[in-house]
Amino acid sequence: MLVSVKVKNVSTAKDPSNIDRYFFSLIGSSDKLIETYHREVFLPSDGAYKELKASLYKGEETEGTIVFYVPSYEYLMRLIWNPIPSDASKRVYFEVRRW
């Protein structure tokens, strides 16, 4: 599954924040986390499906693509933003819409 995202840094920190695919997971009907690193896929650094990877200062934004290998039985997918992977309480969930 290719997931296109637009990300904006809304922190108050003066230093830039790094963003890439490792901050995201998917979860579906089975309630099992699907991570980007379960199977590696490398996307181009530019173009329509460029990989999500950036260093953003406050107010800056970027767009990119994240790739997940999703089992065919999964449905009702939600994208998870987790800036601190070891702390599940920091997760933010987003609906995934099909185009």
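This is a predicted model: local features need pLDDT of at least 70, side-chain atom pairs count only at pLDDT 80 or more; totals for chains, interfaces and linings use all residues.
## The open sheet

Four strands form an open sheet in the order β4-β3-β7-β8, and their pairing is antiparallel. The edge positions are held by β4 and β8. Each of these two has a single partner strand, so one of its sides is left without a neighbour in the sheet. From one strand to the next, the twist averages 35°. Strands of a sheet pair through backbone hydrogen bonds, in either a parallel or an antiparallel sense.

Strand β7 covers residues 78–81 and runs antiparallel to β3, to which it is joined by four bridges. In this pairing L26 stands opposite L79 of β7. The pairing of β7 with β8 (residues 92–95) is also given by four bridges and is antiparallel. Here I80 has Y93 of β8 as its bridge partner, and W81 has V92 of β8. In a regular strand, side chains alternate between the two faces of the sheet.

## Salt bridges

How many salt bridges does the model contain? The count comes to two. Side chains of opposite charge can pair when their charged atoms come close.

One of the bridges is formed by K6 and E61, whose closest N and O atoms are 3.4 Å apart. The two residues belong to distant parts of the chain, with K6 in strand β1 (residues 2–8) and E61 in strand β6 (residues 61–67), a separation of 55 residues. K6 has a relative accessible area of 56%, which is over 50%, so K6 counts as exposed.

Is R21 buried or exposed? At 7% relative accessibility R21 falls under the 20% limit and is therefore buried. E51, with a relative accessible area of 22%, is partly exposed.

## The largest pocket

The largest pocket has a volume of about 950 Å³. It is lined by 32 residues, and those closest to its centre are V3, S4, V5, L79 and E95. One of these, L79, is the β7 residue that stands opposite L26.

Which elements give two or more residues to the lining of the largest pocket? They are β1, β2, β7 and β8. The most comes from β1, with seven residues. Sorted by class, the lining has 20 nonpolar residues, six polar and six charged. Rolling a probe the size of a water molecule over the atoms shows where empty space is left.

## Loop residues with positive phi

Most residues other than glycine have a negative phi. D31 has a positive value instead, with phi near 60°. D31 is placed in the loop between β3 and β4. Its relative accessible area is 56%, over the 50% limit, so D31 is exposed.

L76 is another residue other than glycine with a positive phi, in this case near 55°. The loop between β6 and β7 holds L76. With a relative accessible area of 66%, L76 is exposed.

## K58 and K8

K58 lies in the loop between β5 and β6. At 56% relative accessibility, K58 is counted as exposed. What distance separates the C-alpha atoms of K58 and K8? The separation is 8.0 Å, for two residues that are 50 residues apart along the chain.

Key: Residues are numbered from 1 along each chain as its sequence is written. Side-chain values use heavy atoms; hydrogens and water are left out. A salt bridge is a side-chain nitrogen of Lys or Arg within 4 Å of a carboxyl oxygen of Asp or Glu. Buried means under 20% relative accessible area, exposed over 50%, partly exposed in between (1.4 Å probe, protein chains only). Two strands pair if DSSP finds at least two bridges between them. On a 1 Å grid over the protein atoms alone, a cavity is a set of points where a 1.4 Å probe fits but cannot get out, and a pocket is an open set with protein on both sides within 12 Å along at least five of seven lines; lining residues have an atom within 4 Å of a point. Grid points are joined across faces, edges and corners, and a volume is the space filled by probe spheres set on the points. Ala, Val, Leu, Ile, Met, Phe, Trp, Tyr, Cys and Pro count as nonpolar, Asp, Glu, Lys and Arg as charged, and the others, Gly among them, as polar. Axes are lines fitted to C-alpha atoms, for helices over the stretch in contact, and angles run from 0 to 180 degrees between N-to-C directions.
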